[in-house]
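Dear colleague,

Please find the structure below, together with its sequence.

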Amino acid sequence: MLHSGLVDYIMDNWSRIPELVAAILPIDDEVAEILQNAKLASKKSASQTMKYCFRECMLWLQWLMFLGEPAVALKNLSKMSAGRGVCGAVWGNNDIAYRCQTCENDPTCAICVPCFQNGNHKDHDYSIIYTGGGCCDCGDVTAWKREGFCSKHKGAEQIQPLPEEFARSVGPVLDALLGCWKNKLVSAETISQKNPNAADRAAMGKKIANQLTFAVVEMLLEFCKCSESLLSFVSRRVISLGGLLEILVRSERFLSEGAVKKLHELLLKLLGEPIFKYEFAKEFLRYYPFAVHEAMKETVDDTRKKYPLLSIFSVQIFTVPTLTPRLVKEMNLLGLLLGCLEDIFIQCAGEDGRLQVMHLFFSL
């Protein structure tokens with residue numbers, strides 16, 4: 001079997017992992033040829049062909065990561081997880097969740113239906129809500145009181161490290177893949193910003209970045225679903241690669257809406273890891289003034305569509321009692337927010353210097 005042959009080869013050539021990962025991923029010319037051939041059938045066929053190509057690449061890379069059948073390895077990792085430290089179930093719009101004023105650390109916290117049913121909230125002050133996004137806070141001590149955790153989630157400190165045998169093989173391959181992903185994202189952003197006349201090249205760069213993002217995120221979400229130890233391991237590799245988290249935060253500026261939505265689902269999952277949440281919060285704050293400035297140019301609906309990061313993650317960052325004071329001290333959070341508020345007021349001021357109420361309403 002070809003996959004097994006690749007594993008045998010890498011066992012004797014471990015130092016060549018970076019170049020092997022780069023060789024497995026399609027180069028731009030190959031993608032262009034795939035698209036050109038597929039377009040002869042239909043535009044939809046071209047998209048599906050490219051998606052299949054990148055998914056196939058992820059399968060080959062997983063064989064390298066686990067040195068064997070990926071499905072078997074993920075199943076074994078899943079069996080090793082006796083329980084999960086943090087729930088982190090991601091919600092869409094109008095999903096049902098529970099608030100419990102007895103257990104929550106602030107009014108933005110909520111837990112999913114299974115976590116509520118598996119917990120003890122007898123005589124608590126709780127209510128059912130419809131969500132607008134976000135994720136379940138059960139097991140997250142920064143959001144939910146420990147005595148309110150359900151029977152399946154006991155806190156992030158309960159997460160066991162990834163077994164060394166997996167860490168040794170997954171780490172180098174994952175690092176190489178994340179490096180390639182970052183480079184494609186940076187390239188797509190750079191082409192779209194600095195080469196407005198190179199429309200075809202920019203479009204191709206975005207298509208490649210979109211499909212690679214879909215494939216990588218799809219794979220990592222499956223990892224997170226199978227093993228919380230693997231989730232924690234992935235989160236640490238993401239923040240250890242300089243510049244990756246920064247470009248992931250900015251990616252809503254140049255990736256498609258579907259790719260951004262999928263990426264944000266992964267980031268919400270990874271927020272269950274406290275170290276990742278702090279590192280993400282820092283990048284979020286660096287991006288925040290730009291997003292606010294750009295959002296002031298748009299209508300309310302356009303803002304939410306083009307810059308969803310603000311509405312989705314602000315509540316995950318600014319309401320955490322253990323995180324916010326640290327950001328105030330280390331990232332000048334208060335000064336940043338006041339600066340943004342000042343910009344909004346200036347934007348909404350009329351020629352007479354008075355605030356235009358309707359402009360202010362739409363900006364906020």
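**Ser314 and its surroundings**

Leaving aside neighbours within four places in sequence, Ser314 is in contact with Phe284, Tyr288, Leu309 and Thr319, where contact means heavy atoms within 4.5 Å. Ser314 is found in helix H14. Helices (H or I, at least four residues) and strands (E, at least two) are DSSP runs, numbered from the N terminus. With a relative accessibility of 16%, Ser314 counts as buried; the classes are buried under 20% relative accessible area, exposed over 50%, and partly exposed in between, with a 1.4 Å probe and protein chains only.

Please note that this is a predicted model, in which local features need pLDDT of at least 70 and side-chain atom pairs count only at pLDDT 80 or more, while totals for chains, interfaces and linings use all residues. Residues are numbered from 1 along each chain as its sequence is written, and side-chain values use heavy atoms, with hydrogens and water left out.

**The chain as a whole**

The secondary structure of the chain comes to 17 helices and three strands. Of its 364 residues, 47% count as buried. Among contacts between residues at least 6 apart in sequence, 76% join residues at least 24 apart.

**Two helix pairs**

Two packed helices are described by the angle between their axes and the distance between the axes. Here the axes are lines fitted to C-alpha atoms, for helices over the stretch in contact, and angles run from 0 to 180 degrees between N-to-C directions.

Helix H14 (residues 308-317) pairs with helix H12 (residues 274-295): their axes come within 11 Å and cross at roughly 135°. That angle makes H12 oblique to H14; angles under 35 degrees count as roughly parallel, over 145 as roughly antiparallel, 65 to 115 as roughly perpendicular and the rest as oblique. From H12, the contact is made by Lys277, Phe280, Ala281, Phe284, Tyr287, Tyr288, Ala291 and Val292, and from H14 by Leu309, Leu310, Phe313, Ser314, Gln316 and Ile317. These residues divide into eleven nonpolar, two polar and one charged. In this division Ala, Val, Leu, Ile, Met, Phe, Trp, Tyr, Cys and Pro count as nonpolar, Asp, Glu, Lys and Arg as charged, and the others, Gly among them, as polar.

For helix H1 (residues 2-12) and helix H2 (residues 17-24), the axes come within 11 Å and cross at roughly 155°. H1 and H2 are therefore roughly antiparallel to each other. Leu6, Tyr9 and Ile10 of H1 meet Ile17, Leu20 and Ile24 of H2 in this contact, which divides into six nonpolar residues, no polar and no charged.

**Cysteines**

How many disulfides does the structure hold? There are zero disulfides, a disulfide being a pair of cysteine sulfur atoms within 2.5 Å. The sulfur of Cys57 has its closest cysteine sulfur in Cys53, at 4.6 Å, which is too far for a bond. Cys57 counts as buried, at 7% relative accessibility, and Cys340 also counts as buried, at 5%.

**Positive phi angles**

Asn94, in strand S1 (residues 93-100), has a phi near 65°, a positive value in a residue other than glycine. At 58% relative accessibility, Asn94 counts as exposed. Asp123 is not a glycine either, and its phi is positive at about 65°. This residue lies in the loop between helix H6 (113-117) and strand S3 (126-132), and Asp123 is exposed, with a relative accessible area of 73%.

Yours sincerely
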